[in-house]
Amino acid sequence: MKKIRNEGHIVDFLFVLGLFFVFAFSALMLILIGSGVYKKTVDRMNENFNLRTTTAYITEKIRQGDIEGAVSVEDFDGNNALVLTQEYYGAEYSTYLYEYDGHLKELFTAKDNKLSADAGTDILPVRSFEATHMGGRLWKLTVVEEDGSVQEVLVSTRCDD
């Protein structure tokens, strides 16, 4: 009786092993490249979110207080501030939006109160904020984010000043 011997060649084994390592290396490279793209995408989305959120927040505040003569720009404790004036129960109140100590701040207080800029509530981190009345019903908002990116928005009120 003849013995059947299964002679495997070392080359066959090395080929399968090499093919496995090529596949594993390709999968690892694909994961590394994908994670890099994902990280860049998330970072970019966060930058856009911060920038757009700041201007959207201020724009919405203007829209909420869009009453004739209620929007103005004033110097508040040495800072350029967008001031929104409202009347509640016969008393005038002001909402100040300004940059102080690296943050966009909001301060809601009675119009006659004399408070300092550090009394406001931190809204979002920004490098600077400037509001400018362009004339008529047009307002220009300029926000510089922490990373130096600049967003300028023009807002038109519906009520005449």
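Biologist: Which side chain meets lysine 61 in a salt bridge?
Modeller: Bearing in mind that this is a predicted model, the side chain of lysine 61 meets that of glutamate 106 in a salt bridge, at 2.9 Å from N to O. Lysine 61 lies in helix 1 and glutamate 106 in strand 4 (residues 103-110), so the pair ties together parts that are 45 residues apart in sequence.

Biologist: And are those two buried or exposed?
Modeller: Both lysine 61 and glutamate 106 are buried.

Biologist: How many salt bridges turn up in the whole structure?
Modeller: A search of the whole structure gives four. One of them joins aspartate 43 and lysine 39, at 3.1 Å from N to O, and these residues, four apart in helix 1, are separated by about one helical turn. Aspartate 43 is partly exposed, with a relative accessible area of 35%, whereas lysine 39 counts as exposed at 53%.

Biologist: What does glutamate 152 form a salt bridge with?
Modeller: Its partner is lysine 140, with the closest N and O atoms 3.7 Å apart. Here glutamate 152 in strand 8 is linked to lysine 140 in strand 7, 12 residues away.

Biologist: Changing topic, how many residues does the largest nonpolar core have?
Modeller: The largest nonpolar core has 15 residues, and among those with the most contacts inside it are Ile58, Leu82 and Phe129. Several elements each supply at least two residues of this core, including helix 1 (10-64) and strand 2 (79-88), while the largest share, three residues, comes from strand 7.

Notes
Residues are numbered from 1 along each chain as its sequence is written. This is a predicted model: local features need pLDDT of at least 70, side-chain atom pairs count only at pLDDT 80 or more; totals for chains, interfaces and linings use all residues. Side-chain values use heavy atoms; hydrogens and water are left out. A nonpolar core is a set of buried Ala, Val, Leu, Ile, Met, Phe, Trp, Tyr and Cys residues joined through side-chain atoms within 4.5 Å. Buried means under 20% relative accessible area, exposed over 50%, partly exposed in between (1.4 Å probe, protein chains only).
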